[in-house]
Amino acid sequence: MRASLIQIAVDEGESVNSRRERVSSLVREVAARERSGLVVLPELWTTGAFAYDSFASEAEPLEGPTYEAMREAARDAGVWLHAGSVPERDPEGPLYNTSLVFSPDGELAAAYRKIHRFGFDKGEAVLMGAGSRLVTVRTPSTTLGLATCYDLRFPELFRGLVDAGAEMFVVPAGWPARRREHWLLLARARAVEDQVYVLACGTGGTHAGVPQAGHSVVVDPWGEVLAEAGDGEEVLTVDVEPAKVLATREQFPALKDRLLGMDPPRG
Ligand SMILES: O=C(O)CCC(=O)C(=O)O
């Protein structure tokens, strides 16, 4: 299975509408040129993950303009498309940071509302609601497990996805350059501890004064980095072999040694 990650440069000079059109074309071009079966986009690439001031004004209903543009792009290209995330406006609730996955016939295969919101007592953490549901997507060749950016710091979420059958974690992000080493370390850690592929797709450029980490990365179930992007806009294409997940788990069966019921410390 061939996967292409499109690391988008999210800069303020480009309007949300222009970027949406540009990215729709890019998805079609990349899928055709690279002959990809799966295309992945980053977190909140319409606004930028740190453009807090535009979350409310650019929020969309689930089936809004980004949904429409991405479903058409997936269908035209005939690919599985993880369209990254959008600021979603729930008509009866708060905003959510929601990832969208489309099947090659342009149907919505899954929507995942980011569970761990970033910002502590500001930013996304106060402007958006928290999702509560783990989401996996079955494709004919593998099962994807969905997570978004800051979720990467919470290993229990990924164990939950493994227990639900995930073999490939897809993690769109808008990670800041200042903590790039954490991003790379955590992507490899999740791959090694859960014996899965990790497809982690970030943003480049600078928005809201926050330079982005870039360095999208694909890690195999042994923890080897198969490809890593630089800082700017870039496409990473990698052949992944879903059978390698089972092979790794058989060869080094650490997941079987999990202790599920440990006694609490005394005192
Ligand atoms: O955890 C981090 O350092 C960055 C997380 C983040 O930027 C996000 O979730 O939007």
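In which loop does L44 lie?

**View 1. L44 in the predicted model, a residue with positive phi.** L44 is found in the loop that runs between β2 (38-40) and α2 (52-58). Its phi is positive, about 40°, although L44 is not a glycine. Most residues other than glycine have a negative phi. With a relative accessibility of 0%, L44 counts as buried.

**View 2. C149 in the loop between β7 (143-146) and α5 (155-163).** C149 is not a glycine, yet its phi is positive at about 45°. The relative accessible area of C149 is 7%, and the residue is therefore buried, the cut-off being under 20%.

**View 3. Packing of helix α1 (residues 16-34) with helix α3 (residues 65-77).** The two axes come within 9 Å and cross at roughly 15°. Angles under 35 degrees count as roughly parallel, and α1 and α3 are therefore roughly parallel to each other. The crossing of α1 past α3 is right-handed. From α1, the residues R20, V23, S24, V27, R28 and A31 take part; they meet P65, T66, A69, M70, E72, A73, D76 and A77 of α3. By class, this contact comprises eight nonpolar, two polar and four charged residues.

**View 4. The nonpolar cores and the surroundings of L38.** The largest nonpolar core has 49 residues, of which L38, L146, F158, F169, W175, V198 and L199 touch the most other members. Apart from neighbours within four places in sequence, L38 is in contact with M1, R2, A3, S4, W80, H82, L144, M168 and L199. A second, separate core of 22 residues includes L26, V27, Y67 and M70.

Key. Residues are numbered from 1 along each chain as its sequence is written. This is a predicted model: local features need pLDDT of at least 70, side-chain atom pairs count only at pLDDT 80 or more; totals for chains, interfaces and linings use all residues. Side-chain values use heavy atoms; hydrogens and water are left out. Axes are lines fitted to C-alpha atoms, for helices over the stretch in contact, and angles run from 0 to 180 degrees between N-to-C directions. Helices (H or I, at least four residues) and strands (E, at least two) are DSSP runs, numbered from the N terminus. Angles under 35 degrees count as roughly parallel, over 145 as roughly antiparallel, 65 to 115 as roughly perpendicular and the rest as oblique. A crossing is left-handed if the near helix is turned anticlockwise from the far one by less than a right angle, and right-handed if clockwise. Contact means heavy atoms within 4.5 Å. Ala, Val, Leu, Ile, Met, Phe, Trp, Tyr, Cys and Pro count as nonpolar, Asp, Glu, Lys and Arg as charged, and the others, Gly among them, as polar. A nonpolar core is a set of buried Ala, Val, Leu, Ile, Met, Phe, Trp, Tyr and Cys residues joined through side-chain atoms within 4.5 Å. Buried means under 20% relative accessible area, exposed over 50%, partly exposed in between (1.4 Å probe, protein chains only).
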